[in-house]
Every structure is written in C-alpha cells, then in structure tokens.
Amino acid sequence: MVGAFRCPVSHPNFRFEGAISGYDFVFPRVAVWIRPAGRRSFVADSSLVTLYNPGQEYSRAPLSPAGDESDWFSLDRATARGVVREFDTAASEEPTNLLRSSMAPSDPRLYLRQRVLFETLRRGDRADDLHVEEEVVRLFAAVLRNGYLAAGREPRPISDRADHAAVRRAQSILAARFREPMSLMRLASETGLSMFRLAHVFRQQTLSSLHAWRVKLRLSAAVDALSESRGIDLTELALELGFSSHSHFTASFRKAFGVPPSILRDRIHRVRSGARARGIAASFSRIPIASHHSVRAN
C-alpha cells in the first residue's frame, strides 16, 4: 500500500497516533520529532527514512507549523522479510520485528525516486502493477541498504546457481505469457525467489527490469503485427498485447522507436509496396525454406 500522511499540530491525535499496522517505510516531507516506544527520539526530515514494524507505537512533537507530513509505503511480511534477508538473516527470522532500526539515511536521488512513484500513483495514472511492485521493493531495498551500510553491514552476495535458474525461469514465463497481467508476487512464486531477490538478480543478469523486459517482448510482437497487416486496429492490438490503453501503447512504442505505431506501420507497408512493385517479393518466395534451417553458427 502507498499513502499520504498529513497531520496538523492542532489534530487531537498529533502527539500519539497509535500503532503501525504494516512494515512501513516513510519519507518525511517536513521536519518533526519522532520517538518510537522504547527507543530514543530523533528528528525525522527529508535526510532520512523512518521505519516501522507492525504494532510499533510512537509519539511525536512538532518542529514545523505544518505538523507532520510524509508519504508512506507499506509491505506485507513476506515481501519485507525477503528484502531484509539480503542484509540480515537473523533479523529476517524475527516473528514481527524485522526492522531493527527506526530510521535509515536518505539522499536526494532516493527522495526523488519515491516522489516520482508517489505522484504517478496519486494522479491515478495507469501504472503497470509489475512496474509499481518492482519499484516499491527496490525503494525498500535501497532504504535498507543505506541503513545497513551506515551500520557497517554489506548485503550478501547476489549470484548463485539458484538465482541463475530463477532468472531463466522468469524469462521463459515472460516469453510465453507476456500478453498476460503478471504481478511480481506471482513471478516470484513461480521462480522460487522472494520478490526483491528476483527483481534484483534479474536486473543484475539481464541489465533490465522485469517490467522493461516484458515491454520489450510486447513491442517486438507489435512490430510483427504491424508488419503483417496495414489495417490492424491499434486499440485492439494494444489491449491484446497487454497494454492498458491505446495511449499507453503509443507512448511506449514512441519511446522505443522514436515514432508512433501508426507511422511505423505506414512506413513498413510503403517499403513492402515498393518492393512488390520492383519484383523483389517474388525473388524472396523462391528461396527454399530448408536453406534457412541449414544455417548454423560456428
């Protein structure tokens, strides 16, 4: 879950808000004093990210007339545990308190990343679920990495045989089912890795996110479809390939190829028409099919 928290100083619950319900990481937008129950108080501002376990109680005191303003992300236990395991195996086995610190250092780039994601969701833009899930777990991992590196702890090595097998499995799933809606949770379940680890090792081994990989497969299929039929309906093609709308398809296509699909479609068929007029297509038809299968790479 993702949300905005806005609490003015005048609110009756400003000082004592109650217990946190999920594994939350929070990006403060104004400075405020935070004191988690049983821990020291600290100034929460945009230079850090605050961390909460389920059931965590805390109190606060104002530093700004705005009170407390922040944007928050909440994870379920399985997802949070999968990320924590990369940095702290012992903590990942805790019944509830996976997050051992109340805060982690932030930086302008990390703050910008979460703002871009938050604003995309706040505006109600059509964001792909796989992309959102990947970005949220990557944000959480970046926050934890900052925290553990500040404490002198490195994440565990990223690549082993199981990771390679899982990446190959993910590639095969996406290749066969790239038209389908596919969540990161479902992909992780089918590959046997946690959501974070799958997203992380896939990016490491392919230099691409899972979402970008699937978009690439969809766009390749779009080029094939456009080359087959000049009269193809672009909205129908967009939905068939798994894009949320014609505009989403067009934006992705233009970003990849520099032109909208309608322009590329027309160019392909102009070239094909010109080739037919010059008799080139007939020469292609005389090439034996078997000759294609006999070509091998040495």
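**View 1. Asp 71 sits in strand S7, which covers residues 68-75.** Strands here are DSSP runs of E with at least two residues, while helices are runs of H or I with at least four residues, and both are numbered from the N terminus. This is a predicted model, where local features need pLDDT of at least 70, side-chain atom pairs count only at pLDDT 80 or more, and totals for chains, interfaces and linings use all residues. Residues are numbered from 1 along each chain as its sequence is written, and side-chain values use heavy atoms, with hydrogens and water left out.

Is Asp 71 buried or exposed? With a relative accessible area of 0%, Asp 71 is buried (buried means under 20% relative accessible area, exposed over 50%, and partly exposed in between, using a 1.4 Å probe and protein chains only).

**View 2. The side chains of Asp 71 and Arg 6 are joined by a polar contact of 3.2 Å.** A polar contact is a pair of N or O atoms within 3.5 Å; within protein, one must be able to donate a hydrogen and the other to accept it, and residues adjacent in sequence count only if both atoms are side-chain atoms. Besides Arg 6, the residues in contact with Asp 71, leaving aside neighbours within four places in sequence, include Gly 3, Phe 25, Arg 29, Gln 114 and Phe 118. Contact means heavy atoms within 4.5 Å.

**View 3. Phe 140 belongs to helix H4, residues 129-150.** Phe 140 counts as buried, at 0% relative accessibility. Which residues does Phe 140 touch, once neighbours within four places in sequence are set aside? Phe 140 is in contact with Phe 25, Leu 75, Ala 80, Val 83 and Leu 99. Look for Ser 74 too: Phe 140 and Ser 74 are 66 residues apart in sequence and 9.6 Å apart in space, C-alpha to C-alpha.

**View 4. Three strands form an open antiparallel sheet in the order S4-S3-S6.** At the edges are S4 (42-44) and S6 (58-62), each pairing on one side only. Two strands pair if DSSP finds at least two bridges between them. Strand S3 (residues 32-36) pairs with S4 in the antiparallel sense over 3 bridges, and here you can find Trp 33 opposite Val 43 in S4.

**View 5. The whole chain has 13 helices and 8 strands.** Of its 298 residues, 42% are buried. Among contacts with a separation of 6 or more, 72% are between residues 24 or more positions apart.
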